[in-house]
Amino acid sequence: MSTTAGGSTQQESEEQGRRGAFSSRRVFILAAIGSAVGLGNIWRFPYVAYENGGGAFVVPYLVALLTAGIPFLLLDYAIGHRHRGSAPLSFARLRRGTEGLGWWQVGICFLIAIYYAAVIAWALRYTFFSLDEAWGDDPEGFFFGEFLQAGDIRVTADVVPGVLVPLLIVWLAVLAIMALGVQRGIGATSLIFIPVLVLAFTALVVRALFLPGAGEGLDALFTPDWSALGSASVWAAAFGQIFFSLSIGFGIMITYASYVGRREDMIGSGLVVGFSNSGFELLAGIGVFAALGFMAQAGGVGVSEVASDGIGLAFVAFPAIISEAPAGALIGVLFFGSLVIAGITSLVSVIEVVISAVRDKLDTGRLTATLGVVVPAAVLSLVLFSTTSGIYVLDVVDHFVNQYGILVVALISMLVVAWVLRALTGLGDHLNVHGRPRIGAGWRILTSLVAPAGLAVVLFFALRDDLRAPYEDYPDWLLLVFGWLLVVALPLVGFLLARLPWRAGTHLDGAPPGSDPAAPLHATEGGSR
Amino acid sequence: MSTSAIVMMVVSMLVIWGGLALAVVSLLRHGAVEDRVGEPGHRDL
C-alpha cells in the first residue's frame, strides 16, 4: 500500500496517539529489561547453573544466548516493530490466518499474570516479615503452615487473609500502572524500578560476599564439571533457561517493540537487553550462592545440602540465612524487595500483552481496556491463589504453562514465520534499515533452524519427564484440570478469538502505512513522543 | 575457592558483563553517527 510520506507520518502519529508509545529508546530498553529480568533470574538461574555443570554451564548458556535467545528476541522485535500492533494484530498483518497464534500468546500471558501476582504478593509480605524474622526457627513450617495454611491437596475456597491482602495490594498497584498507559505507566515505572533493582541487588551481593562461607558457595557454583557438556539434558537446561528468562515467544516483545519509534536501532537494543538479562542472572548467581555458602557453613553441612531453587530457595532457604546472618533484616529487605520489583516490572509486561490486544481488537480506550483485563484477572487471581490450596494450583499451572504453553507456541510461531510465511528476509531487512550490527543469512539460519531445534529439545525433555512420572507426584485430577486441559484449551480459545471481527478500518494486509523505517521523518514525530 | 572456580567466575564475568558493555558502546556509537547526520527524531541511549 503506497501513501505519501506526509500522509504516512500523519497516520503514524494518529496511531501512536491511539495506542501509546515509549518516549525514547532508553525507556523501551529499560522496559524490556524489566520484563526479562524477573523472579526466574533470581531464583532459577543460580540453581540451574549449579545443577548443570557449574562453571562449565557458561558454555552452553552462552551458545544458547547467542544462537537462539538473541536471534529469537530480534524476531519478536521485527514482528512487532514492523507491524505496529499487539501480538494478534501483528500476526494478522503478517497473514490473517495466523492471528490465532497471537491470541494463543495473549491467553498464556493472562494465565501467567494471575499466578505470578500471587508470588509477588508472598514476596511483598516477606519483605516485612524480614524485619522481625516472623518465621522463627522453622522457616519451612512457617511458610507452608502458618503463612499459606496449605492443607491437603484439594481445591478449597478457604481464604487466607495473610495472602489476600498483599495480593490485593499488588493488583491495585498493577491497575494504577496500567491505567497510566505505555509511557506514563510502564515507561515511568521501568525508569524508576530498574535502577533501584540493580542498586538493591548489588547491595545484597556485596553484603553476601562478606559473609563467612561465601567462598565455599561460589566454589560450588563456579567449579566446572566439563563432563556435563556431553549431556543433552545440560544443553536443554541452557536453552530452556534462555527461553524462559528472555520473555520471548509469547507476545511481550512483539507488543513492546510496537511502541518504539520506527527509526530506532532494534538490533543494538536487542543485544543490550539480552546481555543485561544475562548480566543480572550472573549477579543473582553470585549473590545467591554466596549466601548459600554462609548457610552451609553455619549449619556445618555441604552447599549441596542447602542449594535449592524457586519457592524453596526464596521462602525457606533465604529466611534461614536471614535468621543466621549479621544484619539479616537488611539482607531480607533487599532480597524480597528485589523480588517484588523484578516481579512487578515483569507482571506489567504480561498484562500489557492482553490490554494491547483488547485495545487493538475492540478499539476501546486505555482505561476501559485496563479495567476490562485487570479486574477479571485480579478476581481470578484472588479466588484461586489466596486460598489454602493456592500453592498447589499455582505450582501445576506454572509448570504446564511454561513447559507446554510458552514452549509450544514459541516453536510453532517461529516455524510458521520462517517456513510457512517465509517472512524472515523481509523482517531482517526491516531491522537492518536502522539496526547495527546488520543481520543476514546467519540470523535467518539461527532463527529458522537452530532456535527451533533448541526449543524442540527442551520440549522433548519436559515431555519425557512428565510422561515418566506425575509432576511432583500431584494427583492425576489436579494435573489434568490445571495442567493438560488448560494448555490444550489455550490454542482453541486463541483461534476462536481470531474469528471475531476487527474494529472498523483496521489495516490487516501487510505492514501498516507509516511503518516504513526508511521513510523520511516527519517534523511532528519527534514532538509527538 | 579453587583456582578453576575463580577462573570460570572471571571468565563468566568478562564474557557476559563485557558483552553488555560492548553492546551498550555499540548502541551509543551508532546513535552518535546518526546524530551527526542530523536526524532530529533520534533519541540517544
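A salt bridge is taken here as a side-chain nitrogen of Lys or Arg within 4 Å of a carboxyl oxygen of Asp or Glu. By this rule I find seven salt bridges over all chains.

**Entry 1. Basis of the notes**

I am working from a predicted model, in which local features need pLDDT of at least 70, side-chain atom pairs count only at pLDDT 80 or more, and totals for chains, interfaces and linings use all residues. Residues are numbered from 1 along each chain as its sequence is written, chains are lettered from A and ligands numbered from 1 in the order in which they are written, and side-chain values use heavy atoms, with hydrogens and water left out.

**Entry 2. Chain B against chain A**

I looked up contact (heavy atoms within 4.5 Å) and found 26 residues of chain B touching 36 residues of chain A. The buried area, meaning the accessible area (1.4 Å probe) that two parts lose on being put together, summed over both, is about 2,600 Å² for this pair of chains. Carbon and sulfur atoms give 70% of that area. On the chain B side I note 14 nonpolar, eight polar and four charged residues. In this classification Ala, Val, Leu, Ile, Met, Phe, Trp, Tyr, Cys and Pro are nonpolar, Asp, Glu, Lys and Arg are charged, and the others, Gly among them, are polar.

I count zero salt bridges between chain B and chain A. Four residue pairs are in polar contact across the two chains, both residues being at pLDDT 80 or more. A polar contact is a pair of N or O atoms within 3.5 Å; within protein, one must be able to donate a hydrogen and the other to accept it, and residues adjacent in sequence count only if both atoms are side-chain atoms.

**Entry 3. Chain B, residues 6-28**

I checked the UniProt record, an unreviewed entry, which places a "transmembrane region" at residues 6-28 of chain B. UniProt positions follow the numbering used here, feature names are shortened, and annotations may be inferred rather than shown by experiment. In the model this stretch is 100% helix and 0% strand, with its end C-alpha atoms 32 Å apart. Helices (H or I, at least four residues) and strands (E, at least two) are DSSP runs, numbered from the N terminus.

**Entry 4. A:Asp219**

I located A:Asp219 in helix H11 (residues 214-222) of chain A. Beyond its neighbours within four places in sequence, A:Asp219 is in contact with B:Met1, B:Ser2 and B:Ala5. Its relative accessible area is 23%, so A:Asp219 is partly exposed; buried means under 20%, exposed over 50%, and partly exposed in between (1.4 Å probe, protein chains only).

**Entry 5. Charged pairs within chain A**

I found A:Arg19 and A:Asp360 joined by a salt bridge (3.2 Å, N to O). The two lie 341 residues apart, A:Arg19 in helix H1 (residues 5-19) and A:Asp360 in helix H17. A:Arg19 is buried at 5% relative accessibility, and A:Asp360 is buried at 1%.

I also noted a salt bridge between A:Arg25 and A:Glu264, with the closest N and O atoms 3.9 Å apart. A:Arg25 is in helix H2 (residues 25-36), whereas A:Glu264 is in the loop between helix H13 (252-257) and helix H14 (266-299), 239 residues apart. A:Arg25 is buried at 0% relative accessible area, and A:Glu264 is buried at 5%.
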